[in-house]
Amino acid sequence: MFHMKNNPSALFKKIKNLSFIALLFLMVNCADQKPPLPETKEVSLKESFADNFLIGAAVNDALISLKDSLGANLIKKEYNTITPENSMKWMYMEPQQGVFEFETADRYIDFSTKNNIAFIGHNLVWHSQLAEWVEKITSAEELNASLKNHVQTIAARYTGKIHGWDVVNEALNEDGTLRNSLFLEKLGPDYLVNSFKWAEEADPKAELYYNDYNMTHVEKRKGAIELVKMLQKEGVKIDGIGMQAHWGLEDPTLEQIETSILAYADLGIKVMMTELDITVLPNPWDLEGAEVSQNFEGSEQMNPYSDQLPDSVATQLAKRYKDIFELFVKHSDKISRVTFWGINDGHSWLNNWPIEKRTNYPLLFDRSYQPKAAYHSVLEIKQDSTH
Ligand code: GLA
């Protein structure tokens, strides 16, 4: 019988072959590895602002389906709260009457629970991204029963696992009056009171919020304050108000933001920045806010940074983020959470709104998840204040 032990050249060959296989194995595996997250000396966002407020991001399904492991790792490192960007909206949760799709939402909740991340449910009641069958309902009774079933079924399923719910999203017009949605038209303002009541009954521990855009505008602010007062007068639990905070490099002004934070805090409820992002792209229509039904044809002039963001604009964005975070920290006794609407620039809805297929840069991380100047400028605030 042939023994390698007794045959050094065969042994050498065998070792060579094995090393070759090992090398091949390493090469294949390394090629598959994504670049590591950047090592920074800075502490993370969530650690930096731990004494001030929760720091969050809206996330999409790639994150929990493990297709985006960089994003998932960044979430665990930088943020202590997440909001699903789309998957918990009505059209996805109850696509057909009485038929609920819980799978994706369950995975978000598992991810949050495992990683000790506060989960924000977004949202229970909104006129947009509704399921088609709801829009076809003609009778008030049926709509009321469907609304009740939707709110209660979903809120009850996640009892004890949800930090807070955006119970009602965008119920106001710009002039502060109630938006003439299907719900208002058929059910009157009672739909607001009832939605909050049903959510509380189903999940008494979750915080309950009203969420909207352009919340720094005088008229809309008045409307939001009236809406909250109406709920309070009806004895309904409302814990906080979400200012979506889809803002620009100059609008709204710091004064407008500050006045609004103070006005909402005066209602005795928490104030949150729930969908923060800052567009750097031109907006010829003076469009503000986030009316998702508005979309326009673009031109090249409207997409000036398709290759890269000039340093001058990156610096302006970093300054803007620093200014608003300084304001948030100043009022952190009133602000309980600041959530960015996305993690990296490539995933932001602002690449497609209000004009499709542009290249926008509204967040703190670039398209490869590298921290931008804006990220460092936000962290600097806490470094400066600890000197
Ligand atoms: C609004 C909604 C969000 C999202 C954004 C655009 O702000 O609250 O859910 O749809 O518009 O992404």
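I began at Trp341, where an N or O atom of the side chain is 3.2 Å from an oxygen atom of the ligand. I call that a polar contact, a pair of N or O atoms within 3.5 Å; within protein, one must be able to donate a hydrogen and the other to accept it, and residues adjacent in sequence count only if both atoms are side-chain atoms. Before going on, I noted that this is a predicted model, in which local features need pLDDT of at least 70 and side-chain atom pairs pLDDT 80 or more, while totals for chains, interfaces and linings use all residues. Residues are numbered from 1 along each chain as its sequence is written, and side-chain values use heavy atoms, with hydrogens and water left out.

For His122, I found a side-chain N or O atom 2.5 Å from a ligand oxygen. For Glu275, a polar side-chain atom lies 2.4 Å from an oxygen of the ligand. How much of the ligand does the protein bury? Taken alone the ligand exposes 300 Å², and the protein buries 96% of that (Shrake-Rupley method, 1.4 Å probe).

I then listed the 13 residues around the ligand, that is, those with a heavy atom within 4 Å of it. Lys89, His122, Asn169, Gln244 and Glu275 come nearest. By class, I have four nonpolar, five polar and four charged residues in this shell (nonpolar: Ala, Val, Leu, Ile, Met, Phe, Trp, Tyr, Cys and Pro; charged: Asp, Glu, Lys and Arg; polar: the others, Gly among them).

**Aromatic rings**

Next I counted 15 aromatic pairs, taking rings of Phe, Tyr and Trp (its six-membered ring) with centres within 6.5 Å; planes under 30 degrees apart are stacked, over 60 edge-to-face and the rest tilted. Phe49 and Phe325 make a tilted pair, 5.3 Å centre to centre with 50 degrees between the planes. Phe49 lies in the loop between helix 2 (45-48) and strand 1 (54-59) and Phe325 in helix 13 (residues 311-330), so the pair ties together parts 276 residues apart in sequence. Helices (H or I, at least four residues) and strands (E, at least two) are DSSP runs, numbered from the N terminus. Both Phe49 and Phe325 are buried (under 20% relative accessible area; exposed is over 50%, partly exposed in between; 1.4 Å probe, protein chains only).

My last entry is the cluster: Phe49, Phe53, Trp247, Tyr321, Phe325, Phe328 and Phe340 form one aromatic cluster.
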